[in-house]
Amino acid sequence: NSPPQNSFDLAADRSRAYFNAKLRWVASGVYDLPFGSGRRMFQQGLAAAVLGGWQLSGILQLQSGFPYTINYKGDPINIGGGSGGILVRPNYVVDSSGHNVDPNLPSGRRTTAEYFNTAAFVQPINSFGDVARNSMTGANLINLDSTIARNFQIRERARLQFRVEFFNLANHPNYNLIGRVVNDPTFGIVQNQLSPRQIQLALKFSF
């Protein structure tokens, strides 16, 4: 929801796409524990009955955040955008040395109440703002899903699998929507996040 500020100068809105993820890593693995009949260890007896047939698997996702745009709500520069439009972008605050104030905070200073430096932006006056489209980057994604399963061979062509599935096993907070409208009470505030750790049990019958 960030159309061009100036529809007569579309080149000024060249930027990263909103779905651009600069870095993404996905790794998955499945490991059959070496216990039970036909395995290297505890092939017979009580240990084989208890420890045999277990399997571990997991999917790890690491991804950099998506770009988003800082905007003003309304029409502070009188271009006919209407009172409810989200069209105009702000200016950067300039420090004493003449440089733009960096809106990005170090990771140790980011909180859910202020994810970026909200004081780095100021309302433009009688001109389009100089903050570029999609110049901010959202929160990274770190997610590990894992499964512990045990297979039971019932007949030659029939097998039962008991599964314990963990989604977001580490319960890592993955922030989703961050307030990006300068003159809105939610500016700079993390408004929601992806699901916390979830655990589910399942049975699967194969035949």
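Predicted model: local features only at pLDDT ≥ 70, side-chain atom pairs only at ≥ 80, totals over all residues.
I started with strands β2 (residues 54-63) and β7, which pair in the antiparallel sense over 10 bridges. Strands here are DSSP E runs of at least two residues, numbered from the N terminus, and two of them pair if DSSP finds at least two bridges between them. Within this part I looked up Gln63, which stands opposite Leu141 in β7.

Residues are numbered from 1 along each chain as its sequence is written, and side-chain values use heavy atoms, with hydrogens and water left out.

Next, the sheet. I find 5 strands in an open sheet, in the order β1-β2-β7-β8-β9, with antiparallel pairing. β1 (24-32) and β9 are the edges; each has a single partner strand, so one side of each is left without a neighbour in the sheet.

Phe152, Ile154, Phe162, Leu201, Leu203, Phe205 and Phe207 make a nonpolar patch of about 810 Å². Patch residues have over 30% relative accessible area and no salt bridge, and nonpolar side chains are joined within 5 Å; areas come from the Shrake-Rupley method with a 1.4 Å probe. A salt bridge is a Lys or Arg side-chain nitrogen within 4 Å of an Asp or Glu carboxyl oxygen. β7 (141-155) and β9 (198-206) each give two or more residues, and β9 gives the most, with 3. Ile154 belongs to β7.

Last, Asp13: buried or exposed? Asp13, in the segment before β1, counts as buried at 9% relative accessibility (the cut-off is under 20%).

Technical notes. Patch = residues over 30% accessible without salt bridge, like charges linked within 9 Å, V, L, I, M, F, W, Y side chains within 5 Å. Helix = DSSP H or I, 4+ residues; strand = E, 2+ residues; numbered from the N terminus. Buried < 20%, exposed > 50% of the residue type's maximum accessible area, 1.4 Å probe, protein only.
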